[in-house]
Amino acid sequence: MTVKIYETQAVQDFLNSISGFDQEGGSERAKKIMHRFLSDLFKLIDDFDVTQEEYWTAVNLLNALGSQTQFGLLSPGLGFDHYLDMRQDAIDAEAKRTGNTPRTIEGPLYVAGAPEAEGFARLDDGSDLDAETMWLTGQVRDIDGTPIPGAKVEIWHCNSKGNYSFFDPTQSEYNMRRTIYADSEGRYTARSIIPSGYGVPEGAPTDVVLKALGRHGERPAHIHYFISAPDYQHLTTQINLAGDPYTFDDFAFATREELVIEGKHIESVAEAEKRGLEGPFT
Ligand code: MBD
Ligand code: FE
């Protein structure tokens, strides 16, 4: 049996009352957003004849997500993070702030307070013996191409098993997390190890939601960046390592064509120097 009650005056009055429309205190914006949010959900319950059992299953799932701090993981999976970036891209385009390295999502695994260095840092602690050495070098420039001396470059990524320090208690503190201040030409170099892709933990609440949608929880191998400098807009971005099977099938929708980088394989520093690759490889 299906019943439709959403449009009734009783339900509309009820929504106004829940949202505090008839109360003095609180925030007008909070009231309006909550009213819209609850209205849409009540209508959804009516339209889909959501059962009590289904509703309480959802409540249990939300509790599990919260208790395992997984809202931040499901959020990119449901596209909220990328949607907010799309909106910021549109805001920047409107303001004619274009020509920059594209932004992409931060994700839930940044940790503040990483060790700081100038010009160069080694990111990994040397304990990941399965991993291959990786060199990252770049130059921070403004949208006119002018280098930004001393720009702050924060880099973080996972190990060859897809695990991030801090969230993986077996790793040393701040492993593969560093802040590098660019040199007088805006350049920075990092030595680290090639990360693997990331997968949402099997059976975790986020995985339950993705499975219900017939989706996977895989991310391609990537390296996170925050780039900042006084008086400049903060940039949150990533590098995607080319050739990963999930490069264009990221559960978090964070890949952007311009951020996919083809690594150059080298056997030795001598070879790199002979090929004229940008160092320093020390
Ligand atoms: C990650 O490493 C990540 O970057 C995102 C966005 C989501 C889950 C894990
Ligand atoms: Fe990540």
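Me: Which residues coordinate the iron ion (ligand 2)?
Reply: In this predicted model, the iron ion (ligand 2) is coordinated by Tyr164 (OH), His222 (NE2) and His224 (NE2), at 2.0 to 2.1 Å. Donors are N, O and S atoms within 2.8 Å of the metal (3.2 Å for Na, K and Ca), and sites may look incomplete because water is not among the atoms.

Me: How are the donor residues spaced in sequence?
Reply: The spacing is Y-x57-H-x1-H. Tyr164 lies in the loop between strand 4 (152-156) and strand 5 (177-181), and His224 in strand 9 (residues 222-228), 60 residues apart. Strands are DSSP runs (E, at least two residues), numbered from the N terminus.

Me: Now ligand 1: which polar side-chain atoms lie by its oxygen atoms?
Reply: Those of Tyr164, at 2.8 Å, and Arg219, at 2.7 Å, are among them. For His222, the distance from a side-chain N or O atom to an oxygen atom of ligand 1 is 3.2 Å.

Me: How much of ligand 1 does the protein bury?
Reply: The protein buries 100% of the 260 Å² that ligand 1 exposes when taken alone, by the Shrake-Rupley method with a 1.4 Å probe.

Me: What are the numbering and confidence conventions?
Reply: Residues are numbered from 1 along each chain as its sequence is written, chains are lettered from A and ligands numbered from 1 in the order written. Local features need pLDDT of at least 70, side-chain atom pairs count only at pLDDT 80 or more, totals for chains, interfaces and linings use all residues, and side-chain values use heavy atoms, without hydrogens and water.

Definitions and conventions: Polar contact = N/O pair within 3.5 Å; in protein donor to acceptor, adjacent residues only side chain to side chain. Helix = DSSP H or I, 4+ residues; strand = E, 2+ residues; numbered from the N terminus.
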